[in-house]
Amino acid sequence: MVRARTPIEEKGGLGMNEIRALIVDDSSVMRKIVERALRQAGLDALVVHEAGTGAEGLEILKTKPVDLILSDINMPTMDGLEFLRQIRAQNLAEGVPVVMITTESSEEHVKQAIQSGAQGYIRKPFTAEQVKERVLPLVRAA
Amino acid sequence: MLLNGVRAAAVVGRVSGTVRGGADEREETMAVSLRESVGRVSDPRNLDASVEEVFRLMLGIECRREAGLTVVDKESVTSVVGFGGLLSGACVFRSGSRTAMKIAAQMTGMEFDAIDNTVKDGIGEICNMLAGAWKGKVPELAANCGLSVPAVITGRDYHLHVQAPEFQLHHGYRFGEEIFEVTIVCDGLQ
């Protein structure tokens, strides 16, 4: 049986540990923490694109291929859920897993994120181990 | 205090479930019952657990609450995250400049010798996580209370004043030689 090429393979046959990630968070410190957690999770050859707003994230997705998107929800101007809806509405990053990283922890927030198109959800504060558990399977499956 | 609050909410839920039926009605009654559960919402252990969780997971720091701790530094950093919805009020983090720089250093792996935008950003994010963790301890708040983006204030000799809050928790914490204060102010509970 011939399996379909994954988005990662389509974009140039990157190895398992070579991932292009877009991290969207209005806090530059949180973006660095998320990047560090991804590296600790085993994604050594990580290429990170950072966006401080949802609008910046959309602009990056129009010009740069990514394999993984991690986004905060509670952001000024365009929140993470609207960012997610815009990704889908504009057909950007098709097949790319999106993980929301947020302080919001209720079932309702998780449901909203999943309905908006997220594949994963990580609550702040988090450990590198949690990032590994929730992100790596999505990257492998992409 | 916690026991009373939990018991009160559970009784309201059971009564509405058996007498009135309907999950929606029960949910509505549970939300109203929070007004009667100030004791559960203001349980000081929730704040301590939230502070310990955020500092342990995000900074690898074990901190502990101590009675009577007050930030006395002339130069201080304060971050405020507002609550809106079922509860209105704010979570306020305050520390001296040196402690703020140490926290930011622990978060980023960088060294700081001044309160720059990265330090302010880090302290804002700590306050955001504290507010989120604290409201997450009460399921009704987790689902029905929103957070503002953090505001950070730096300077000397300023005071935060809230007129007649519903309740206020004000705790001091220590890690090593560093101390900080976390305040939860509730000025309205639906």
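**Reading the sheet of chain A**

Reply: In chain A, 5 strands form an open sheet in the order β2-β1-β3-β4-β5, with parallel pairing. The edge strands are β2 (45-51) and β5 (120-123) of chain A, each of which pairs on one side only. Neighbouring strands of this sheet are turned by 20 degrees against each other on average, direction ignored. The model is a predicted one: local features need pLDDT of at least 70, side-chain atom pairs count only at pLDDT 80 or more, and totals for chains, interfaces and linings use all residues. Residues are numbered from 1 along each chain as its sequence is written, while chains are lettered from A and ligands numbered from 1 in the order in which they are written.

Me: How are strands, helices and pairing defined?

Reply: Helices (H or I, at least four residues) and strands (E, at least two) are DSSP runs, numbered from the N terminus. Two strands pair if DSSP finds at least two bridges between them. Here, strand β1 (residues 18-24) of chain A pairs with β2(A) in the parallel sense over 7 bridges. Within this pairing, A:Leu22 stands opposite A:His49 in β2(A).

Me: Which strands does helix α2 of chain A touch?

Reply: Two residues are in contact if their C-beta atoms, placed from the backbone, lie within 7 Å. Axes are lines fitted to C-alpha atoms, for helices over the stretch in contact, and angles run from 0 to 180 degrees between N-to-C directions. Helix α2 (residues 28-40) of chain A packs on the sheet and touches β1, β2, β3 (68-71) and β4 (98-102) of chain A. The direction of α2 makes about 165 degrees with that of β2(A). Helix α3 (residues 54-63) of chain A also packs on the sheet, touching β1, β2 and β3 of chain A, and its direction makes about 150 degrees with that of β1(A).

Me: At what angle do helices α4 and α6 of chain B pack?

Reply: Angles under 35 degrees count as roughly parallel, over 145 as roughly antiparallel, 65 to 115 as roughly perpendicular and the rest as oblique. Helix α4 (residues 44-59) and helix α6 (residues 117-136) of chain B pack at about 135 degrees, with their axes 9 Å apart. The two helices, α4(B) and α6(B), are therefore oblique to each other. Their contact includes B:Leu47, B:Val51 and B:Met58 of α4(B) and B:Ile126, B:Leu130 and B:Trp134 of α6(B).

Me: How many residues of chain A are in contact with chain B?

Reply: Contact between chains joins 18 residues of chain A with 20 residues of chain B. On the side of chain A, α2(A) gives the most, with 5 residues. For classes, Ala, Val, Leu, Ile, Met, Phe, Trp, Tyr, Cys and Pro count as nonpolar, Asp, Glu, Lys and Arg as charged, and the others, Gly among them, as polar. The side of chain A that touches chain B divides into 6 nonpolar, 7 polar and 5 charged residues.
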